Amino acid sequence: MRRLLAVSLLVLALPVAAHAASNPIVAAAKRSASAKSSTFEIRATTAIGGRAASDVSGSGRQRGSAVGMSMTTRAGGKATNFDAVLLRERGAYVMYMRSPVLQTQLPPGKSWWRLDLSKGASTLGIDFTSLMDASQSLAPLEHGIVATKRIGNETVAGRPTVHYSAVLDVKRAARAVPAYGKQVAALERATGIRLTRSTYHVWIGRDGRITRMRVATPTVIGSARGTTVQTMTFLSYNVRITIAAPPAAQVVEAG
């Protein structure tokens with residue numbers, strides 16, 4: 001379970017990359033990363049053979065290295081809700097997770113699982129600092145873009161934006177940013193797919209920050225290969241946010 005959660009977080013966390021400070025995507029990413037907090041919506045849809053296989057959607061909030069999310073997964077005609085809180089505790093990165101489907105595995109009076117992501121990282125080679133900290137997750141932005149195109153003006157989440165597409169050389173960014181390279185290598189091991197170039201779509205608002213990002217990533221479910229399209233929409237920046245661990249009396253440590 002810990003491995004699945006870690007790989008899922010990794011897919012959601014792969015950032016964009018760019019090669020010059022004059023690039024509008026680079027400038028927007030740097031400005032976005034400088035925000036003290038953000039709220040967002042996220043959706044990841046996976047298709048196998050052109051048919052929808054699963055869908056994950058929900059909302060979240062981030063402040064520093066703390067992240068809180070409320071998500072819904074849909075697969076096989078069934079929907080499952082879950083909440084997650086990711087924090088750094090005593091130097092370790094942990095995830096608290098609750099869901100109705102996990103409740104039967106918990107003792108009476110308990111509602112949250114606690115997973116030590118740092119232990120999972122030692123096996124997978126993932127740097128959870130960069131997954132949970134916006135300033136570090138956007139660090140590869142200066143090193144991977146090989147082409148950028150301005151598509152036009154569009155309205156996103158009720159706000160005017162400029163839509164860009166960017167072709168990313170994943171290996172170039174991975175060589176330049178070691179933590180990002182570990183993430184890419186871990187995902188390649190988990191899926192058996194070699195990552196080379198990806199096309200990102202980025203919408204930049206009048207505030208100079210990223211309003212929306214979208215990317216398609218190859219994925220594997222069982223022995224079948226498919227594609228996961230992830231869209232992340234930032235609703236606000238620099239807002240008051242509180243993210244805390246659930247009460248200790250409600251928590252069980254996952255083995």
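Modeller: The chat below goes from the overall fold to single residues.

Colleague: What sort of model is it, and how are residues numbered?

Modeller: It is a predicted model, where local features need pLDDT of at least 70, side-chain atom pairs count only at pLDDT 80 or more, and totals for chains, interfaces and linings use all residues. Residues are numbered from 1 along each chain as its sequence is written, and side-chain values use heavy atoms, with hydrogens and water left out.

Colleague: How many helices and strands in the protein?

Modeller: The protein has 7 helices and 12 strands. Both are DSSP runs numbered from the N terminus: helices are H or I with at least four residues, strands are E with at least two.

Colleague: How much of it is buried?

Modeller: Of the 255 residues, 50% count as buried. Buried means under 20% relative accessible area, exposed over 50%, partly exposed in between, with a 1.4 Å probe and protein chains only. The protein exposes about 12400 Å², and carbon and sulfur atoms supply 52% of that area. Those areas come from the Shrake-Rupley method with a 1.4 Å probe.

Colleague: Which residues of H2 are buried?

Modeller: In H2 (residues 24-33), Ile25, Val26, Ala28, Ala29, Ser32 and Ala33 are buried. Down the axis of H2 they fall within an arc of 165°, so they line one face of the helix. The arc is taken over directions from the helix axis to the C-beta atoms.

Colleague: What happens at the start of H2?

Modeller: A side-chain oxygen of Asn23 comes within 2.8 Å of the backbone nitrogen of Ile25.

Colleague: Back to pairing. How do E8, E9, E10 and E11 join up?

Modeller: E8 and E9 run antiparallel, joined by 9 bridges. Ser165 has His201 in E9 as its bridge partner. E9 and E10 are also antiparallel, over 5 bridges, and Val202 stands opposite Met213 in E10. E10 (residues 210-221) and E11 (residues 224-237) run antiparallel with 10 bridges. There, Val220 has Arg225 in E11 as its bridge partner.

Colleague: What about the turn between E9 and E10?

Modeller: They form a hairpin with 4 residues between them. Gly208 in the turn has a positive phi of about 80°.

Colleague: New topic: Gly77. Buried or exposed?

Modeller: Gly77 counts as exposed, at 86% relative accessibility. Gly77 lies in the loop between E3 (66-75) and E4 (78-89).

Colleague: And Gln62, buried or exposed?

Modeller: Gln62 is buried, with a relative accessible area of 13%. Gln62 sits in E2 (residues 51-63).

Conventions: Polar contact = N/O pair within 3.5 Å; in protein donor to acceptor, adjacent residues only side chain to side chain. Pairing = 2+ DSSP bridges.
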